[in-house]
Amino acid sequence: MKLFILDSLETKGVRVPKEHLDELEMRWQGIVSLKQETEAALLDDHDIALRNIPGGDHLA
């Protein structure tokens with residue numbers, strides 16, 4: 001995984017010191033996990049967080 005991260009960043013011109021690879025790997029895995037959860041979510045259940053409808057529901 002570390003080589004994948006290193007290659008991915010270097011292709012974009014980002015140089016990463018080797019001592020930071022452990023931290024980057026942990027954060028990369030967190031991002032991948034969040035992305036998978038987002039893609040698997042039923043968006044109808046989360047429409048309030050995804051859409052702002054002006055003049056929509058108001059609490060009185």
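Student: Is F4 buried, partly exposed or exposed?

Tutor: F4 counts as partly exposed, because its relative accessibility is 49%. Bear in mind that this is a predicted model.

Student: Okay, and which aromatic pairs turn up in the whole structure?

Tutor: A search of the whole structure gives one aromatic pair. The partners are F4 and W28, with ring centres 5.8 Å apart and planes at 85°, so the pair is edge-to-face.

Student: Why is that edge-to-face?

Tutor: Planes over 60 degrees apart count as edge-to-face, and the planes of F4 and W28 are at 85°.

Student: Let's zoom out. What is the secondary structure of the protein?

Tutor: There are three helices and zero strands. From the N terminus on, the order is α-α-α.

Student: How much of the protein is buried?

Tutor: Of the 60 residues in the protein, 12% are buried. The accessible surface comes to about 5,700 Å², and carbon and sulfur atoms account for 58% of that surface.

Student: Which residues make up the largest nonpolar core?

Tutor: That core has five residues in all: I5, L6, L9, V16 and L21. Helix α1 gives the most to this core, with three residues.

Student: What does I5 touch, leaving out residues up to four places away in sequence?

Tutor: I5 touches L24, E25 and W28. W28 is also the partner of F4 in the aromatic pair.

Student: Now α2. What span should its 20 residues have, and what is the distance between its end C-alpha atoms?

Tutor: At 1.5 Å a residue, α2 should span 28 Å. Its end C-alpha atoms are 28 Å apart, which agrees.

Student: How many of the residues of α2 are buried?

Tutor: Two of the 20 are buried, so α2 lies largely in the open.

Student: Switching to charges: how many salt bridges are there in the whole structure?

Tutor: The search finds two salt bridges. K2 forms one with D22, and their closest N and O atoms are 2.4 Å apart. K2 lies in helix α1 and D22 in helix α2, so this pair ties together parts that are 20 residues apart in sequence.

Student: Which residues meet in a salt bridge at 2.7 Å?

Tutor: That is E23 with R27, 2.7 Å from N to O. Both lie in helix α2, four residues apart, which is about one turn of the helix.

Student: How exposed are E23 and R27?

Tutor: E23 counts as partly exposed, at 36% relative accessibility. R27 is exposed, with a relative accessible area of 54%.

Student: How far apart are K18 and K2 in space?

Tutor: Going C-alpha to C-alpha, K18 and K2 are 9.5 Å apart in space, and they are 16 residues apart in sequence.

Methods:
Residues numbered from 1 in each chain as written. Predicted model: local features only at pLDDT ≥ 70, side-chain atom pairs only at ≥ 80, totals over all residues. Heavy atoms only, no water. Phe/Tyr/Trp six-rings, centres within 6.5 Å; stacked < 30°, edge-to-face > 60°. Buried < 20%, exposed > 50% of the residue type's maximum accessible area, 1.4 Å probe, protein only. Expected span 1.5 Å × (residues − 1). Areas by Shrake-Rupley, 256 points an atom, 1.4 Å probe, with all protein chains shown as cover. Core = buried A, V, L, I, M, F, W, Y, C linked by side-chain atoms within 4.5 Å. Contact = heavy atoms within 4.5 Å. Salt bridge = Lys/Arg side-chain N within 4 Å of Asp/Glu carboxyl O.
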